[in-house]
Amino acid sequence: MKLGLDGKIAIVTGGSKGIGRATALGLLAEGASVMLCARGIDALNEVAAAAGDARARIATIAADLTDGVAIKRVVARAVEQFGRVDILINNAGSARTGEFLKLDDQAWIDDWQLKFFGYVRMAREVLPRMERQGGGVILNVIGAAATNPRRSYMIGGAANAALNHFTKALADEGSKSHVRVVGINPGPILTERLLKMRTGLTPSAESAAEAFRKMTPLGRVGTPEEVADLIMFLVSDRAAFIHGANITIDGGYTQGLMG
Ligand SMILES: NC(=O)c1ccc[n+]([C@@H]2O[C@H](COP(=O)([O-])OP(=O)(O)OC[C@H]3O[C@@H](n4cnc5c(N)ncnc54)[C@H](OP(=O)(O)O)[C@@H]3O)[C@@H](O)[C@H]2O)c1
C-alpha cells in the first residue's frame, strides 16, 4: 500500500527512543521530513545517525516538553527548518506507577504536565498553522490504561482517559479546517519505559520474559515498529476518513467493548 507520505513535514515528540524513534525512522523511510524532540541530545543524535541517507530530512532539538515555552520553540524551529507542519505526533509522555495514598498532589501535577498538558499545548501551537495551511493531522499516542483502570497506575490512566476525550473534542474543533485528529491506545510495548515500569506492575521475582508473556492474550508484548506502522497508516491520506477515533493496539489486553 502506498501511503503518500513523501514530502510531508512531521513533528515527533519523544522521538529519540521507543515508539517515537520507530515512528520517526518509519516516516523518514516513507519520504517525509521529521523534526524530532526529546530532552537528551545524545539519543536524538543517535536517531539522526540511524537515518542514513535520509539524514538531510531530519532535524533535532533538545527540549523538555513540560515547559510551554520549549513547546513553542520546537514548533517554531520545525517551521524555520521545513516551512510548515503537516503532521504532529504527540508521543512524549510518562507517568509513574504507585499506591494511591503515597502519591501527593505534586506527583499528579508533575506527571500530567508532560502527558496531558504537553499534548494540549503542542496541539494548541500547531493547530492555527494547520488551519492556515488548509489542513493537517494530529495523532496522540495515548495508552490502553485509558480504558483499563488499575489502582497501580491511576495518574497515567486518568491522563490517558482525559486524552481520549481531548482527541475526540479536538477532532470536532479540527473538522471545520480539515485538521484530522486521531488517538491510539497502545498496550504493553517493548521500550525502555516498559522495562522501567515492569517492577511496578508485576511481581519483581518474575523474569521479564515471563512477565511480558502474561501481559496480553497473545502471549507477548508489542514492538515499537508495530505501533509505528499503525501511526504511519493513520497519518496518511489512506486513513482520510478516520477522524476523532481512539484506536487500540494491545494484543487483546483490553477486554471491554470500548477499546
Ligand atoms: N511502552 C508502552 O508499553 C506504552 C504503553 C502505552 C502507552 N505508551 C505511551 O507511548 C509514548 C511513548 O512511550 P515509549 O514507551 O516509547 O517511551 P520511551 O521509550 O521511554 O521514550 C520516551 C521518549 O520521550 C522522551 N521524553 C521523556 N520525557 C520528556 C520530556 N519531559 N520532554 C521531552 N521529551 C521527553 C524521551 O527522551 P528523553 O528522556 O531524552 O527526554 C524519549 O524520546 C508515551 O506517551 C507512553 O505513555 C507506551
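**H4 and H6.** I looked up how helix H4 (residues 105-115) and helix H6 (residues 154-175) pack, and found an angle of about 40° with the axes 10 Å apart. H4 and H6 are therefore oblique to each other (angles under 35 degrees count as roughly parallel, over 145 as roughly antiparallel, 65 to 115 as roughly perpendicular and the rest as oblique). Axes are lines fitted to C-alpha atoms, for helices over the stretch in contact, and angles run from 0 to 180 degrees between N-to-C directions. Helices (H or I, at least four residues) and strands (E, at least two) are DSSP runs, numbered from the N terminus.

I noted the residues that meet: Ala-107, Trp-108, Asp-111, Trp-112 and Lys-115 in H4, and Ile-155, Gly-156 and Ala-159 in H6. Contact requires C-beta atoms, placed from the backbone, within 7 Å.

**Source.** This is a predicted model, in which local features need pLDDT of at least 70 and side-chain atom pairs count only at pLDDT 80 or more, while totals for chains, interfaces and linings use all residues. Residues are numbered from 1 along each chain as its sequence is written.

**H1 and H9.** I then turned to H1 (residues 18-29) and helix H9 (residues 224-235), whose axes come within 8 Å and cross at roughly 55°. That makes H1 oblique to H9. The contact includes Gly-18, Ile-19 and Arg-21 of H1 and Pro-224, Glu-225 and Val-227 of H9.

**The sheet.** I traced an open sheet of seven strands, paired in parallel, in the order S3-S2-S1-S4-S5-S6-S7. Two strands pair if DSSP finds at least two bridges between them. Strand S3 (58-62) and strand S7 (246-249) are at the edges with a single partner strand each, so one side of each lacks a neighbour in the sheet. From one strand to the next the twist averages 15°.

I checked two pairings. Strand S5 (residues 136-141) and strand S6 (residues 179-186) share six bridges in the parallel sense, and Ile-138 has Val-181 in S6 as its bridge partner. S6 and S7 run parallel and are joined by four bridges, with Asn-185 opposite Thr-248 in S7.

I saw H1 lying across S1, S2, S3, S4, S5 and S6, at about 165° to S1. Helix H2 (residues 41-50) lies across S2 and S3 and runs at about 175° to S3.

Technical notes
Contact = placed C-beta atoms within 7 Å.
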